[in-house]
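Dear colleague,

I am passing a structure on to you, and you will find it directly below. After it I have set out what was found, term by term, for someone who has not worked with it before.

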Amino acid sequence: RRAVAAAAARETVQRRGLESHLPRVAPATGCMPRPSRGASATEVVWEDEWNESRRLQWRAMAQEGFSAFIARQPETFRRRARRGVPVEHRWEAWKAVVRLDDRAQPGLYQELLQLENQWTRLIEIDIPRTFPDIPLFDKEQQYSLLRVLNAFANFDPTVGYCQGMNFVAGLLLLVAQNGDFRESPRLEKEEEAFWMLVTLMTDCRLSGFYRRHFPLLRRYLWAFDKLMSQHLPNLQEHFVEEGVQHAVYLHQWFLTLFINCLPMDMVLVFWDAIVCGGRGFEAMLPITVALLQALEDVLLSLQFEDIVRFFKTMRIGEDDIDGAFIGRFVIAKCHGISLSPSIKKRLRAPFGDESCPSPLATPGPGEDKEEFILTPARKQKEHEFVQEGNAEDPSEQPWLFRTYLRQFTEIRRDLPDLPLSSWWGDARENFGQRVGLGLQMRERMVEPPERQLGQRA
C-alpha cells in the first residue's frame, strides 16, 4: 500500500513540474521521506533512510571533487543542491561553486585585518547584535566576525560597511565551521569566510545592496513589485490598503538575505539554492514570492498592526518546525516563478545608471546609506522611541524598521501577547494547498500512513 501511495504521489508531483526539486524516493523502501520533527508515535518515519541516500550522493561527489563533478555534470549538481546541501559538505560545495581558491590572495587578509578605518567603531557596535539568540556565538566568535568585516571595509572602501553585512559575514563563518560555533574559530576558516564575502560582494554583485543609495536593493524592490502584481495581486492590493510598505518586511529580508528573519535551517536551504542553484542572488525574488504565497491567506486576514507583528516574529518558535523541510518545498515552488528578460536586464545593468520607470528607483527619505549608519545620539533617540510605546504607529514605520534591524531583541520583548506562536503553524495548511502537497494543519491530526505518505509526497 505504501508503494502504491508513493507511486501515485510521484505521478502528481511530476504533473506539476516539481520532480527535479523534490527529494528522491528512498531506494530501500520505495517511500518518500517526511520530516520526523513532531511525528506522533503511530507515524512511520522514512527521513533517516532518505538522508542516508542523500549523504551517499554527496559523499561520492566530494570524493570525486566538487569542482570536477560540477564541470562534468553541472545540472545534476544544481538539482541536488536545490534540495539542500548536507552540513558536512556545504562549505566545500560553496567554495567550489564560486571558485574560491582562484580568488584568494595569500597574506592579504592578515594585512587588511590589522588596519582600522572609519567603519571600525560602527562594526564594533553591531557585532554583539549579530546572532544574539545563539549562545555559542561568544566573544571569540564575535571578534572573528569583527576582523572579517573590518578587513573587508579596508579591501573595498567604496562599500565599506553597512548594517546587514554583519549577518551575511556571520553566516559565512557559521557555514565555514560546519554549521555551529562549538569550536574556536580557526584562522584559515576565518580567512576563507573573508574571501567568500569578497567573492559574493564583488563577483556576484552583492555589494550593490550596501553601496550608497542602495542601487541593487532599489532594483530588487522594483522587480519584486512586478512579480507581486503577477503572482500575488490580492496580497499586493491588501498591503496597499493597509499601508504595509517594503520597510515592514522586505528591506530586512533582502539586506540580511533572510538570515535575521527566518529559522536558520530554512535560511541555509535558501542559501544553498542561491549559491549553488545556478540563479545567483536573483533567486531571492522567486523565493520571496513563493514564501508569501505560502503565507497569503494568513496575511490577507490581518490588519496593519498584526501584519507588522507577524513579520517581526517569524523566527519565534522555530524549534517547533522543520525549517529545512519547508525550505525545500519553498524552493520547489520557485520552479514556476521566472524573471522576465526585462527584469533580468534591469537587475544586471551596471550600477552607474539608476534610471528606472518605477518610482521606487527615485531616492526617497530614509533610504540613503546614512540612514543605516546612526550616531550614538540617534540610536538613543530610536531606543527612546520604542520604549515610549510608539513602535506600532503606522506613521512611524521607517523608525520601526530601522529599530528592528538593530535591536530586534528589545522589540521581541515588547510583544508578549502575540497570539501567533509560530508563523508556520498558521500557514501550513495554506502552504500545502498552494504547493499541492496537502501538508497537515495540526500535529494532533493522525491519519493512516498511506494517506500521510501521499500528502507528504
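**Salt bridges within helices**

E192 and K189 both belong to helix α11 (residues 187–202), where they sit three residues apart, about one turn of the helix; helices (H or I, at least four residues) and strands (E, at least two) are DSSP runs, numbered from the N terminus. Please keep in mind that this is a predicted model, in which local features need pLDDT of at least 70 and side-chain atom pairs count only at pLDDT 80 or more, while totals for chains, interfaces and linings use all residues. Residues are numbered from 1 along each chain as its sequence is written, and side-chain values use heavy atoms, with hydrogens and water left out.

The side chains of E192 and K189 meet in a salt bridge at 3.7 Å, N to O, the term standing for a side-chain nitrogen of Lys or Arg within 4 Å of a carboxyl oxygen of Asp or Glu. Both E192 and K189 are buried, where buried means under 20% relative accessible area, exposed means over 50%, and partly exposed lies in between (1.4 Å probe, protein chains only).

A search of the whole structure finds 14 salt bridges. One of them joins K95 to E92, with the closest N and O atoms 3.3 Å apart, and these two residues lie three residues apart in helix α5 (residues 87–98), again about one turn of the helix. K95 counts as buried at 12% relative accessibility, whereas E92 is partly exposed, with a relative accessible area of 37%.

A further salt bridge links R309 with D306, the closest N and O atoms being 3.1 Å apart. R309 is partly exposed at 23% relative accessibility, and D306 is partly exposed as well, at 33%. R309 and D306 are separated by about one helical turn, because they are three residues apart in helix α17 (residues 304–312). Salt bridges that share partners join E92, K95, K189 and E192 into one network.

**The chain and its core**

The secondary structure of the protein chain comes to 23 helices and zero strands, and 55% of its 457 residues count as buried. Among the contacts in the chain with a separation of 6 or more, 75% are made by residues 24 or more positions apart, a contact meaning heavy atoms within 4.5 Å.

The largest nonpolar core holds 119 residues, of which Y210, Y249, W253, W271 and F311 touch the most other members. Helix α15 (residues 264–276) contributes the largest share of this core, 11 residues. By a nonpolar core I mean a set of buried Ala, Val, Leu, Ile, Met, Phe, Trp, Tyr and Cys residues joined through side-chain atoms within 4.5 Å. Beyond its neighbours within four places in sequence, W253 is in contact with F258, C261, T288, L291, L292, F311 and M314.

**A covered helix and an exposed loop residue**

Helix α18 (residues 323–333) is mostly covered, since 10 of its 11 residues are buried; among them are F325, I326, R328 and F329.

P135, by contrast, is exposed, with a relative accessible area of 75%, and its place is in the loop between α8 (120–126) and α9 (139–155). P135 and R182 are 47 residues apart in sequence, yet their C-alpha atoms are 9.8 Å apart in space.

With kind regards
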